[in-house]
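Please open the model in a viewer and keep a selection panel at hand.

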Amino acid sequence: MTKKWTKKKIIGLVAILLIAALVVSAIIQSRQSGNNTNNELVTEKLTRHSIVSSVSGTGTIMASSSEDVTAELYGYKVKEVYVHEGDMVSAGDIICTLDMSEMQEQKNDVVKAKNDAVNNKTTQDTNYDTQLSTSQADRANRMAQAVASRDAKKASYEQAKAAYDSYLTQYNAKKAAIIADTTSPFDTITNDAEAEAWMSLNGWGAQLAQYRTNLSTEQAAYENAEAQVAAISQENDQAISDAKTNYDSSQQDVIKNYNDTIKELDDTIAKGTIRATISGAVTSLNVEKGRTFNGGTVAVVEGLSEFYVEASIDEYDVADVSAGMAAVMKTDATRDEELNGYVTYVALKASGGSSSSGGIQDYTALLNGDMSALSGGISSGNDANFKVKISLNDQNERLRLGMNVKVSIITQSAENVLAVPYGAIQTREDGSTYIEVIDEEKSVPDEKGNVTQVTKELDVTVGLQGSYYYEIQGPDIKEGLQVVIPDDDSSQSMDELLNMVGNAGGV
């Protein structure tokens, strides 16, 4: 059977070799103590198991939500601090305030200037409204007078026209009568009577000319009066309106600039009140009342409603870990209770070297019989570590920030498979693997009733490897077989120990 060896396992072999003498001695003592005096084989019934391969590491309880509370302002004195380290805060609670008194004074000055501008505008608007009202009243009065004058001129014109038209009729009748009574035209008068008749018509003509002059005068006066009415009707208050519009525009720009400045000052003043944006515990506080804040982090707030685990996995195992894998964790605070979760993040870059001490201290523990040192292998102290984040399926009220966690990440699992202890799997020279089982047909009692156990080899293919049980498959493999567990070879014991080192953390 081919086994995967890593630098970490090879380093662990150093410790194994140091205790090899102890192992051999223990085997000899075991044989001398009378175990298997009848040379009976150690067997185990082939049954089904759930096998898990895992990667182990250590981690720390972290807050899922963490906020570095910062301020956009700097160079201001801290006016008041409202929390202490360890205090619980809710989102929106004030952490501290900066002294914004000078900024407030600037705002007050701008507010006063704005109010003055608003008052001035109100006064000027009233003045423009008064001018507009006066202008409209004057125009209405002049229009009334112009209309009255036009109507009077119209009446005079119509009267003069009627008189002219009447006299013209009379003149034309007179002329017609003279023409009818005379025998010759005016320029060929032949007698005194005809001359006298035509001379009287000249007087009528002069009077008609006078009527025509009066009509022309009255018509001109009427037309002038009509034009005056039209002129007044065309008048408007555009000059006043334009002046008011221009003033309003300029004053509105002034007031808008004041409002913009006030808003900017308000925003700056508001930034002087530093608040928490999440609920949690204040784990760090970097401000002090009366001191000038020069930037940086004001405080750190870490949420306590939900935790996750940040674990460290060494470089030999991290390639086997991926997001989504299940994880089982334990802490001292939760005693024997297992915490379940899943991997959410695996770093692509190492975050540092191993913190294991390694060296003589570990080997000494092994030589003193403390086998627990094998549970995580022996580290050289120079291994690179990779950060892994694990989300907890369920929160636990006993958990606190910063607690240490033992982590086991399930990299592979197989349910209800046939499996044997790793020591039962043997390897031939050609590399093929097999197990020894009791041949029930040949293991029969002799004449004295003693049963000689006869074994046979069954070829197997090794599947998932746990820390003790390995999955096996083969054409003749079936549940219930009595599998031989070799225990008379010290080299096999060494293999078992190496397997313990190589698969620590699995089941």
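A contact means heavy atoms within 4.5 Å. Residues 24 or more positions apart account for 80% of the contacts in the protein with a separation of 6 or more.

The model is predicted, so that local features need pLDDT of at least 70 and side-chain atom pairs count only at pLDDT 80 or more, while totals for chains, interfaces and linings use all residues. Residues are numbered from 1 along each chain as its sequence is written, and side-chain values use heavy atoms, with hydrogens and water left out.

**Whole chain.** Display the cartoon to see seven helices and 22 strands. Helices (H or I, at least four residues) and strands (E, at least two) are DSSP runs, numbered from the N terminus. Then colour by accessibility: 35% of the 507 residues count as buried. Buried denotes under 20% relative accessible area, exposed over 50%, and partly exposed in between (1.4 Å probe, protein chains only). The protein exposes about 29400 Å², of which carbon and sulfur atoms supply 47%. These areas come from the Shrake-Rupley method with a 1.4 Å probe; for residues, only the protein chains shown count as cover.

**The largest nonpolar core.** Select Ile95, Ile274 and Val298, which touch the most other members among the 25 residues of this core. The elements that give two or more residues to this core are strand S6 (94–98), helix H3 (101–181), H5, strand S8 (280–285) and strand S10 (297–302). Apart from it lies another core of 22 residues, including Val321, Val346, Phe386 and Val407. A nonpolar core is a set of buried Ala, Val, Leu, Ile, Met, Phe, Trp, Tyr and Cys residues joined through side-chain atoms within 4.5 Å. In soluble globular proteins, nonpolar side chains tend to be buried together.

Return to valine 298 and show its neighbours. Not counting residues up to four places away in sequence, valine 298 touches a set of residues including Val69, Ile95, Ile274, Leu285 and Phe293.

**The four-stranded sheet.** Next, select the open sheet with the order S3-S10-S8-S5 and antiparallel pairing. Two strands pair if DSSP finds at least two bridges between them. Its edge strands, strand S3 (66–70) and strand S5 (88–89), each pair on one side only. S3 and S10 are joined by five bridges in the antiparallel sense, and the bridge partner of valine 69 in S10 is alanine 299.

**Strand S16.** Which strand pairs with S16 over 13 bridges? Strand S2 (residues 47–63) does, running antiparallel to strand S16 (residues 404–421), and serine 53 stands opposite glutamine 412. Strand S12 (residues 326–330) also pairs with S16 in the antiparallel sense, over four bridges; here lysine 330 faces lysine 406. Three bridges join S16 to the antiparallel strand S21 (residues 469–473), with valine 420 opposite tyrosine 470.

**Backbone torsions.** Within strand S16, pick asparagine 416, which has a positive phi of about 55 degrees although it is not a glycine. Arginine 335 likewise has a positive phi of about 55 degrees without being a glycine. Arginine 335 lies in the loop between S12 and strand S13 (339–346) and is exposed, with a relative accessible area of 54%.

**Last stop.** Select glutamine 238, in helix H5 (residues 238–271). Is glutamine 238 buried or partly exposed? Glutamine 238 is partly exposed because its relative accessible area is 43%. The C-alpha atoms of glutamine 238 and leucine 132 are separated by 9.6 Å, although these residues are 106 apart along the chain.
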